[in-house]
Amino acid sequence: MTKKGKPAPDLPAEIAGYRFDAISYLDEALTHPSLSGTYNYQRLEFLGDRVLGLAVSTWLLEEYPKDAEGRLNRRYTSLVRRETLAELARKLGLVKYLKLTPGAEAEGTRDKEAIQADLCESVIGAIYLDGGFAAANAFIRNHWEPLIGAGVDSHKDNKTRLQEWCQARALPLPKYVVIDRTGPDHDLIFTIEAVVEGHGSAKAKGAAKRVAEQAAAERLLDHLSGGHDGN
């Protein structure tokens, strides 16, 4: 792994409330594979995933001593799922420091949810190597604290929520239809319509099918719950 070094240009020694001693760990955590064959965030992401898992698992055992394994698993999944990690990477300002090639930038790599989630884990891995488990655990508890006390179902994705809404009413499961696909291959925009037969539909756009489906499901849920028109 890397050794201590000087800060890279435009790279802060402190990020999201943690100050690095060995700034090269952070530099590696913020380097996209498009820039380097081996010196990139992938190995730190691998480490950060395990550190996050241990920290969150331990925290849940402390926080919910009466929860059975199944309920703990659902809480755990909501806290470490890709959507949660990507959202935190954006909120903590990690995404803007990601270093990548101009080509990867033009392809929208910085805005991809999977990349943002990887970045969150890689920074956790870097903190672990720089300051040990105590530092990484403190970082996680600080930034995940608003989420840890939420209900088991609070972080369900919109497609899951829409499906459960239908199942609770013995309705057919939602369908997702590609209405349009525009733009060059490196910058596609999908228009997806979510449909619950006999109860309405809603359309939404996104840079990936999954993103557009989630947005359409959210709009349809809002419509079904008495909000604005979904179409």
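Helices are taken here as DSSP runs of H or I at least four residues in length, numbered from the N terminus. In this predicted model, helix H8 covers residues 209-224, and just after H8 Gly226 adopts a positive phi of about 95°. The 16 residues of H8 reach 22 Å from the first C-alpha to the last, close to the 22 Å expected at 1.5 Å a residue.

One set of H8 residues is buried, comprising Ala212, Glu213, Gln214, Ala216, Ala217, Leu220, Leu221 and Leu224. An α-helix has 3.6 residues a turn, so residues three or four places apart point the same way.

The largest nonpolar core contains 47 residues, among which Phe20, Phe139 and Trp144 touch the most other members. At least two residues of this core come from each of helices H1 (23-29), H2, H3 (69-80), H4 (82-91) and H6. The greatest contribution is that of H6, which gives 14 residues to this core. A second, separate core of 13 residues has Leu162, Cys166, Ala194 and Ala217 among its members; Ala217 is also one of the buried residues of H8.

Contacts of Trp144, apart from those with neighbours within four places in sequence, are made with Leu52, Trp59, Leu79, Thr84, Leu85, Leu88, Cys120, Ile124 and Phe139. Trp59 counts as buried because its relative accessibility, 6%, falls under the 20% limit. When residues up to four places away in sequence are not counted, Trp59 touches Ile140, Arg141, Trp144, Glu145 and Ile148. Helix H6 spans residues 113-148. The C-alpha atoms of Trp59 and Asn137 are separated by 9.3 Å, although the two residues lie 78 residues apart along the chain.

The second largest pocket has a volume of about 330 Å³. Its lining is formed by 16 residues, of which Gly108, Asp111, Lys112, Ala207 and Ala208 lie nearest the centre of the pocket. H6 and H8 each supply at least two residues of this lining. By residue class, the lining of the second largest pocket divides into eight charged, six nonpolar and two polar residues.

Terms used. Residues are numbered from 1 along each chain as its sequence is written. This is a predicted model: local features need pLDDT of at least 70, side-chain atom pairs count only at pLDDT 80 or more; totals for chains, interfaces and linings use all residues. Side-chain values use heavy atoms; hydrogens and water are left out. Buried means under 20% relative accessible area, exposed over 50%, partly exposed in between (1.4 Å probe, protein chains only). Contact means heavy atoms within 4.5 Å. The expected span of a helix is 1.5 Å times one less than its number of residues. On a 1 Å grid over the protein atoms alone, a cavity is a set of points where a 1.4 Å probe fits but cannot get out, and a pocket is an open set with protein on both sides within 12 Å along at least five of seven lines; lining residues have an atom within 4 Å of a point. Grid points are joined across faces, edges and corners, and a volume is the space filled by probe spheres set on the points. Ala, Val, Leu, Ile, Met, Phe, Trp, Tyr, Cys and Pro count as nonpolar, Asp, Glu, Lys and Arg as charged, and the others, Gly among them, as polar. A nonpolar core is a set of buried Ala, Val, Leu, Ile, Met, Phe, Trp, Tyr and Cys residues joined through side-chain atoms within 4.5 Å.
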